[in-house]
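Welcome! Open the model in your viewer, keep the selection tool handy, and follow along stop by stop.

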Amino acid sequence: MTQRAAVYPGSFDPITLGHVDLVRRGLSLFDEIVVAVAINSAKHTLFSLDERVELIRRTFADEPRVRVTGFEGLLVDYLQQNGIGTLLRGLRAISDFDYEFQISQMNRALCPEVDTVFLMTGSQYFYLSSSVIKEVARFGGDVSAWVPEPVQAALAGKFGN
Ligand code: ADP
């Protein structure tokens with residue numbers, strides 16, 4: 001049987017339960033999900049690439065069908081090098097749509113074989129973003145309902161609370 005894989009790219013600074021929900025939904029459609037953590041020197045991140053990758057690995061430690069990797073450069077090149085033709089992205093409120101539409105059109109123009117599959121998280125995560133989590137954690141707010149346990153500890157470590 002052919003194995004179907006999808007690449008789920010993003011910043012994951014840090015991974016939230018919205019991302020986790022999306023990966024778990026993706027696993028019911030694909031045999032393997034490759035979480036590809038973007039190395040973006042232009043974008044300042046709270047967590048280093050290694051920290052972001054490690055937090056995702058620990059979150060999915062019990063899930064052998066999830067692979068985590070860093071990537072730099074064009075996503076379509078990464079897909080071609082790895083023989084994967086499908087991207088997985090999440091849609092939240094309508095605000096995501098315009099940007100995601102542009103990116104997926106561009107990826108298709110660069111590489112016509114690439115398709116993007118969009119999934120929605122559970123409604124409790126519609127308004128959840130890594131940025132909001134960082135804001136709340138910075139001021140000592142409780143984020144335990146929104147992030148995996150290793151992330152909660154890492155945020156407390158970063159902000160000293
Ligand atoms: P990027 O910088 O590429 O947007 P993110 O880590 O913010 O990276 O997001 C990665 C992907 O996960 C995007 O497709 C984004 O729309 C999706 N995503 C993030 N949070 C959620 C959420 N709460 N529900 C659904 N999708 C989400």
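A residue is called buried when its relative accessible area is under 20%, exposed when it is over 50%, and partly exposed in between, using a 1.4 Å probe and protein chains only. Two notes before we set off: this is a predicted model, where local features need pLDDT of at least 70 and side-chain atom pairs count only at pLDDT 80 or more, while totals for chains, interfaces and linings use all residues. Residues are numbered from 1 along each chain as its sequence is written, and side-chain values use heavy atoms, with hydrogens and water left out.

**Stop 1: Ser104**

Select Ser104, which you will find in helix 4; helices (H or I, at least four residues) and strands (E, at least two) are DSSP runs numbered from the N terminus. With a relative accessible area of 16%, Ser104 is buried. Now show what surrounds it: leaving aside residues up to four places away in sequence, Ser104 touches Thr116 and Phe118, where contact means heavy atoms within 4.5 Å.

**Stop 2**

Move to Phe12, in the loop between strand 1 and helix 1. Is Phe12 buried or exposed? At 3% relative accessibility, it counts as buried. Phe12 is not a glycine, yet has a positive phi of about 50°. In the loop between strand 1 (5-10) and helix 1 (17-27), select Pro14 as well. The peptide bond leading from Asp13 to Pro14 is cis, with omega near 0°. For background, most residues other than glycine have a negative phi, and most peptide bonds are trans.

**Stop 3: aromatic pairs**

How many aromatic pairs does a search of the whole structure find? There are 4. Rings of Phe, Tyr and Trp (its six-membered ring) pair if their centres lie within 6.5 Å; planes under 30 degrees apart count as stacked, over 60 as edge-to-face and the rest as tilted. One of the pairs joins Tyr8 and Phe12: the ring centres are 5.1 Å apart and the planes meet at 75°, so this pair is edge-to-face. Tyr8 and Phe12 are both buried.

Next, select Tyr125 and Trp146, whose ring centres are 6.5 Å apart with planes at 80°, so they are edge-to-face. Tyr125 sits in the loop between strand 5 (115-120) and helix 5 (130-138), and Trp146 in the loop between helix 5 and helix 6 (149-159), so the pair ties together parts that are 21 residues apart in sequence. Tyr125 counts as buried at 12% relative accessibility, whereas Trp146, at 33%, counts as partly exposed.
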